[in-house]
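Visitor: I have the sequence and the model open and would like to go through them with you. Could we take the topics one by one?

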Amino acid sequence: MGRSRRTIPEELLLLALDPATGTTAQPQSLDLGLAGAQLVELALAGRIAPDGDRIAVVMPRPTGDPTLDSALELLRRRGSPVRAVHWIGGPRLGLRQIYLAHLERCGMVHAVAGQMCGVLPTTRYQATDTEISREIRARLDSAIRTGVPPDPRTAALAALAHAVGLGKHLYPGNEGRSSRSRLRDLIRHDPMGGLVAHAVMDVQNGVAAQPRRDRAPAPQARPAAGGVPMQPRRTGAMARVPAH
């Protein structure tokens, strides 16, 4: 994968970057969105494909992008398709800082050291080329205002921006309400983007922590010869249903 095209994780992070403060909007959910954006980018590169609500590796060959290839290798090591909601909610938080450092190495942002309350060291990030951010934003604005179905990359970016809560950052106030609504509606234009966007929202709503309900029901008690129900035999402590 060449560097002539920005990846969806890079664009999502640039969208979230506030040019006035040098901080990112929705930092907690942004890590989840970046994990989802990696899945979309790998799908567009032909490395993975959706399998129901799961993600399957179909071509393990590296893309040439270190951050994407790290995710691809982790998926490959799973050996079997993984549910998107469990992958996105997995222990890979910190992607925001990883991608900020990545954008800095690529020359798209530069770090500005500072202090909070005159004591605590802080780091802000400023885009080195604001034209890039304006171009990304213009693609979203065009898709929202024209109603023309966007290309898959823009549709996925819009879906993820909605999923992590960037709508109020990009289109604030009452005047931005209709734009936020149309941003949400763009989720239907890309199947993979829609899958990961819904997974991001499910993780935030705690769905990933809930046990699956698709198992066979527990065996019912059978009546004994004397008419007294026989309880299912247990071994040791009561078995727990493992979470998936």
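Visitor: In which sense do strand β1 and strand β2 pair?
Guide: This is a predicted model. In it, strand β1, residues 48-51, and strand β2, residues 54-57, pair in the antiparallel sense, and the pairing extends over four bridges.

Visitor: Which residue is the bridge partner of D51?
Guide: The bridge partner of D51 is R54 in β2. A49 stands opposite A56, which also belongs to β2.

Visitor: And how many residues are there between the strands of that hairpin?
Guide: The hairpin of β1 and β2 has two residues between the strands. G52 takes a positive phi there, near 70°.

Visitor: What about β2 and strand β3, how many bridges join them?
Guide: Two bridges join β2 to strand β3, residues 82-83, and these strands run antiparallel. I55 has V82 in β3 as its bridge partner.

Visitor: So what is the order of the strands in the sheet?
Guide: The order is β1-β2-β3, in an open sheet of three strands with antiparallel pairing. The edge strands are β1 and β3, since each of them pairs on one side only.

Visitor: Where does α3 lie relative to those strands?
Guide: Helix α3 lies across β1, β2 and β3, and it runs at about 95° to β2.

Visitor: Which residues is T67 in contact with?
Guide: Leaving aside neighbours within four places in sequence, T67 is in contact with Q38, I98, Y99 and H102.

Visitor: And P66, buried or exposed?
Guide: P66 also lies in helix α3. P66 is exposed, because its relative accessible area is 60% and the cut-off for exposed is over 50%.

Visitor: How many residues apart in sequence are P66 and H102?
Guide: P66 and H102 are 36 residues apart in sequence, and their C-alpha atoms are 9.4 Å apart in space. H102 is also one of the residues in contact with T67.

Visitor: Changing topic: where does R153 lie?
Guide: R153 lies in helix α7, residues 152-163. With a relative accessible area of 12%, R153 is buried.

Visitor: What is in contact with R153?
Guide: Leaving aside neighbours within four places in sequence, R153 is in contact with R5, R6, T7, I8, E41, L44 and R139. For I8, the C-alpha atom is separated from that of R153 by 7.1 Å, although the two residues are 145 residues apart along the chain.

Visitor: Now Q26. In which loop does Q26 lie?
Guide: Q26 lies in the loop between α1 (8-16) and α2 (27-44). Q26 is not a glycine, yet it has a positive phi of about 50°. Its relative accessible area is 36%, so Q26 is partly exposed.

Visitor: What about the rings: how many aromatic pairs does a search of the whole structure find?
Guide: The search finds zero aromatic pairs.

Visitor: Which residue lies over the face of Y171, then?
Guide: R137 lies over the face of Y171, at 4.8 Å from the ring centre.

Visitor: Finally, the whole chain: how many helices and strands does it have?
Guide: The protein chain has 10 helices and seven strands. Of its 244 residues, 39% count as buried.

Definitions and conventions:
Residues numbered from 1 in each chain as written. Predicted model: local features only at pLDDT ≥ 70, side-chain atom pairs only at ≥ 80, totals over all residues. Heavy atoms only, no water. Contact = heavy atoms within 4.5 Å. Buried < 20%, exposed > 50% of the residue type's maximum accessible area, 1.4 Å probe, protein only. Pairing = 2+ DSSP bridges. Phe/Tyr/Trp six-rings, centres within 6.5 Å; stacked < 30°, edge-to-face > 60°. Lys NZ or Arg CZ within 6 Å of the ring centre and 35° of its normal. Axes fitted to C-alpha atoms, helices over the stretch in contact; angles between N-to-C directions.
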